[in-house]
Amino acid sequence: MTPFPERVFSGIQPTGNLHLGNYLGAIVKFVALQKTHECLFCVVDLHAITVPQEPNELRAAIRKIAAAYIASGVDPVKNIIFNQSQVAEHAELAWVFNCVARMGWLNRMTQFKEKAGKDRENASIGLFAYPTLMAADILLYRATHVPVGEDQKQHIELARDIAQKFNNDFAESIAANGHEGGFFPLPEPLIQGPAARVMNLRDGLKKMSKSDPSEYSRISLSDDSDTIAQKVRKAKTDPEPLPTDKDGLSGRPEAENLIGIYAALNDSTTEAVLQQFGGAQFSAFKQQLVDLAVAKLGPIGAEMRRLEQDSAYIDSVLRDGSQRARAIAGPIMNQVKDILGLIR
Ligand code: AQP
């Protein structure tokens with residue numbers, strides 16, 4: 001049995017407009033988990049600066065992510081909402097983990113390969129070490145559960161490897177400092193659901209992402225009703241009617257994606273949606289999807305726009321959250337120093 005009480009941590013980078021993938025892959029899970037768990041939801045601004053950022057845009061983007069959390073229904077009083085750079089221990093523990101993780105482990109990270117592209121020599125060291133900072137984000141709070149989209153699975157596995165290696169390498173000192181059963185938990189990713197990997201609306205084989213040059217590839221949380229409707233109508237499909245069961249979706253990535261989005265927005269399953277729409281033409285299904293997406297996302301977008309006007313309120317939420325996060329992180333970082341043999 002784990003000696004660690006259950007605690008949830010997750011974060012989103014302030015690197016652009018939040019899209020339906022971020023919402024369904026992460027934020028919807030945050031809203032559900034706050035009912036049952038102690039949760040920390042972070043705006044991971046130190047991750048954002050692994051690639052160039054314009055300072056004014058970064059400041060606005062940090063506030064925008066916090067606004068999106070709150071507008072989506074994450075309660076800033078019950079949960080800790082904060083930005084990473086206000087809690088210095090994230091960077092401190094990341095350095096320790098840079099000394100625990102192996103080059104070979106990081107060399108295998110597919111996200112670095114995708115983001116660095118062909119010009120790897122010119123990528124920042126921060127971009128390469130991104131997963132050790134992510135491991136520090138989670139383990140600084142000894143978090144046990146991490147709600148994320150499917151694309152982050154490999155990074156959570158790395159966080160588990162780092163936790164395990166730290167526990168093994170310092171086993172004696174960990175025990176001498178009075179900790180039973182290892183110092184860090186092995187965090188579990190929470191990935192399941194019909195929209196764990198929301199795909200690009202123009203190409204069902206590519207992930208929906210903030211950085212795709214085409215606005216029509218994604219639905220943004222800030223899109224108004226007309227824009228959502230236009231994007232869904234233009235979404236790529238195939239000429240066949242919708243199938244009646246899951247097997248009929250194989251080899252039809254665009255159909256699978258739209259059905260998954262509908263299921264996730266409706267808090268339903270792919271099977272249930274196929275039962276309802278099997279045999280229908282895409283045009284009829286798309287109209288229903290537009291109605292559902294506008295009903296779900298419209299109020300969130302409106303509340304985000306309202307909150308974005310009130311930067312004093314957002315900043316106060318982030319300051320309060322950072323203070324509460326530091327109260328947890330400080331003692332854990334001190335224990336890490338004791339285990340390592342650093343004098344404090
Ligand atoms: N397409 C997606 N489907 C499901 N979940 C997704 N997530 C991202 N894209 C999808 C999840 O959203 C959370 C926050 O992601 P992030 O902003 O920290 O990182 P990211 O994966 O770099 O986001 P993007 O949109 O893909 O940005 P770019 O274009 O810069 O690469 C995470 O839980 C992630 O799994």
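Glu254, Ala255, Asn257, Leu258, Ile259, Gly260, Ile261, Tyr262, Ala263, Ala264 and Leu265 are the buried residues of helix α11, where buried means under 20% relative accessible area with a 1.4 Å probe and protein chains only. The model is predicted, so local features need pLDDT of at least 70 and side-chain atom pairs pLDDT 80 or more, whereas totals for chains, interfaces and linings use all residues. Residues are numbered from 1 along each chain as its sequence is written, and side-chain values use heavy atoms, without hydrogens and water.

Eleven of the 13 residues of α11 are thus buried. Helices are DSSP runs of H or I with at least four residues, strands are runs of E with at least two, and both are numbered from the N terminus. The cover over the buried residues of α11 includes α1 (20–33), β6 (199–200), β7 (203–207), α12 (270–277) and α13 (282–308), contact being heavy atoms within 4.5 Å. Asp267, which follows α11, has a positive phi, near 55°.

The ligand is surrounded by 21 residues, and the closest are His19, Asp151, Lys207, Lys210 and Ser211; a residue counts if one of its heavy atoms lies within 4 Å.

| Residue | Protein atom | Distance |
|---|---|---|
| Gln13 | polar backbone atom | 3.2 Å |
| His19 | side-chain N or O atom | 2.6 Å |
| Asp151 | polar side-chain atom | 2.5 Å |

The protein covers 94% of the 640 Å² of accessible area that the ligand has on its own, by the Shrake-Rupley method with a 1.4 Å probe.

Note on methods:
Buried means under 20% relative accessible area, exposed over 50%, partly exposed in between (1.4 Å probe, protein chains only). A polar contact is a pair of N or O atoms within 3.5 Å; within protein, one must be able to donate a hydrogen and the other to accept it, and residues adjacent in sequence count only if both atoms are side-chain atoms.
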